[in-house]
Amino acid sequence: MCLCGQARPTLKRPSPFTHLYQHIAALAFSVKETNENQQLLPNLTLGFHIYNNHFTEIGTYLAAMDLLSRRRKFAVNYKCETENLPAAVISGSITDYCLHLATILCIYKMPQLHQFLRRVAFNNSAGEEVSFNQNGELLSGFDIINWVTFPNQSFVKIKVGTMEPQAPVDKRFFIQDDVIVWPRIFKQALPLSRCNNKCQLGFHKRKKEGEQFCCYDCIPCPEGKVSNHTDADECFECPGYRYPNNDKDGCLPKEIMFLSFEEPLGIVLAVFALKFSLITVFILGIFIKYRDTPIVKANNKNLTYILLTSLLLSFLCALLFIGQPGKVACLLQQTAFGVIFSVALSSILAKTITVILAFVATKPGSRIRQWMGKRLAYSIVLSCSLTQAAVSIAWLAISPPFPDLDMYSVSQKIVLKCNEDSGTMLYSLLGFLGFLALVSLTLAFLARKLPDSFNEAKFITFSMLVFCSVWLCFIPTYLSTRAKSMVAVEIFSILASSFGLLICIFSPKCYVILLKPELNSKEQLIKRI
């Protein structure tokens, strides 16, 4: 039996060749096991010669001729001084060289068993089965040995890794690169056992279906993930306080953002809040100055003062939403807004009820007159305001709002905002304001056709329509925005709804007081306000 291997040629001095050593060792082991087992081939002993073709066609032909004519005496068609003639030839693993070898061997009818290894299966001394698949690849595991050669031509074998074909994909192959000792004559780049280049930063591996475990595609990391080393199995998300860079190979720190007084949007909203506050102070000054005139007395001047003061505070409370959220600001934002607006809406509700009762009380035999007076209006304002204050106090006691960092609403920013903590308490506060607004709108709408002497209900109806429209638009807009835009939407709604109440209710009266003083008399009040 003869093996034509594919070993590297030796250059200046002989040294052990290790190329395809796995196949050679398997052959030697197979022959040894067969010879030692008398039941396999009784009265027969196998042997083998190994030839090196030096990876050339000439080397292949010379090995074939040497096999057929021994002792380097090439005599074509003669077998000179031959002993133990080979029964067959096992060719190497390279197809081209096998074909060259077959060209010579077929002339002398010499069998070429290059498929032999595919059918070998036996048990080694450890009792483990050794076999090959249809491609001649070893199915059982083996150790990877590094042959370290010394100057005196001696060598030592060092285990540097393992190969377990039946193990999971990520554990089949293991090798210690730093333990391998390469020959000094080896000056090439280290050999690579891979079918594609390494995946670069920003990419991750995806195994090719039907290919070897070391074959994979390099896939860019999905949006929001990065890989910061080559041949990454998976991409990973950045921590909440960081975001992926454009190349997806690293994470950058996020910038903290909030609606500040220094940015244009914050400046515009603050200017409007202060401007509306000055307008409210101006109107309040007018009503105080002309407090003894019929038009001011006819509209319950004390309720008017309460309403104007609450509107002034509502404009100023919008400033609590601008600037860096702190503990005090978070505690006051929603609670102050809820209590102040409940005072304003309850004042409007008291005005509306007063108008209705005043008209009904003028009918003959009506007992409503005993309910008329300041005590009724004050009780309405006080009860509604205390109810909202109780909700706010309970909120602050149970689960108070606090400054919080939102790291995920905006991809490259950290939003510093106030966390309301309890959605139930927030919705209770807003729900009560909605209830007051709806009752005031309904009563004002029913009283809009009362005689002209009581036509303040018309202005209240229109003002409540503006108020409800603003807050109905606020809900979808607020839910569809993110980060500091949500705060800006809420500030705008506070300013717009408060200014709507201010203009719709008080501008007609200011017009009469300042520009039509002749109409501000008791006689004219009966006809118009």
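**Charges, pocket and packing**

Reader: How many residues apart in sequence are the parts that Lys-417 and Asp-406 tie together?
Author: The side chains of Lys-417 and Asp-406 meet in a salt bridge at 4.0 Å, N to O; the term means a side-chain nitrogen of Lys or Arg within 4 Å of a carboxyl oxygen of Asp or Glu. Lys-417 sits in strand S17 and Asp-406 in strand S16, so the parts they tie together are 11 residues apart.

Reader: What kind of model is this?
Author: Residues are numbered from 1 along each chain as its sequence is written, and side-chain values use heavy atoms, with hydrogens and water left out. Local features need pLDDT of at least 70, side-chain atom pairs count only at pLDDT 80 or more, totals for chains, interfaces and linings use all residues, and the model itself is predicted.

Reader: How many helices and strands does the protein chain have?
Author: Both are DSSP runs numbered from the N terminus: helices (H or I) need at least four residues and strands (E) at least two. On that basis the protein chain has 12 helices and 17 strands.

Reader: Is Asp-406 buried or exposed?
Author: The scale is relative accessible area (1.4 Å probe, protein chains only): buried is under 20%, exposed is over 50%, and partly exposed is in between. Asp-406 has 14%, so Asp-406 counts as buried.

Reader: How many salt bridges does the structure hold?
Author: Side chains of opposite charge can pair when their charged atoms come close. The structure holds 7.

Reader: Which helix holds both Glu-36 and Lys-32?
Author: These two form another salt bridge, with 3.0 Å between the closest N and O atoms. Glu-36 is exposed at 53% relative accessibility, while Lys-32 is partly exposed at 44%. They are 4 residues apart, about one turn, in helix H1 (residues 21–36).

Reader: How far from Glu-490 is the nearest side chain of opposite charge?
Author: Lys and Arg count as positive, Asp and Glu as negative, and His and the chain ends are not counted. Glu-490, in helix H11 (residues 484–515), is buried but has no salt bridge. The nearest side chain of opposite charge is that of Lys-417, at 11 Å.

Reader: Which side chain makes a polar contact with the side chain of Glu-490?
Author: A polar contact is a pair of N or O atoms within 3.5 Å; within protein, one must be able to donate a hydrogen and the other to accept it, and residues adjacent in sequence count only if both atoms are side-chain atoms. Leaving out neighbours within four places in sequence, Glu-490 is in contact (heavy atoms within 4.5 Å) with Phe-321, Gln-334, Phe-474 and Tyr-478. The polar contact, at 3.1 Å, is with the side chain of Gln-334.

Reader: How far is Glu-420 from the nearest side chain of opposite charge?
Author: Glu-420 is in the loop between S17 and H9, and its contacts beyond four places in sequence include Trp-395, Pro-401 and Leu-426. Glu-420 is buried and has no salt bridge. Lys-417 has the nearest side chain of opposite charge, at 6.3 Å.

Reader: Which residues are closest to the centre of the second largest pocket?
Author: About 1,100 Å³ of space lies in this pocket. Among the 46 lining residues, those closest to the centre are Leu-426, Leu-430, Phe-474, Tyr-478 and Glu-490.

Reader: Which element gives the most to the lining of the second largest pocket?
Author: On a 1 Å grid over the protein atoms alone, a pocket is an open set of points where a 1.4 Å probe fits, with protein on both sides within 12 Å along at least five of seven lines, and lining residues have an atom within 4 Å of a point. Grid points are joined across faces, edges and corners, and the volume is the space filled by probe spheres set on them. With 10 residues, the element giving the most is H9.

Reader: How far apart in space are Val-470 and Ser-497, C-alpha to C-alpha?
Author: Val-470 is found in helix H10 and is buried at 18% relative accessible area. Its contacts beyond four places in sequence are Ser-493, Ala-496 and Ser-497. Val-470 and Ser-497 are 27 residues apart in sequence, yet in space they are separated by 6.0 Å.
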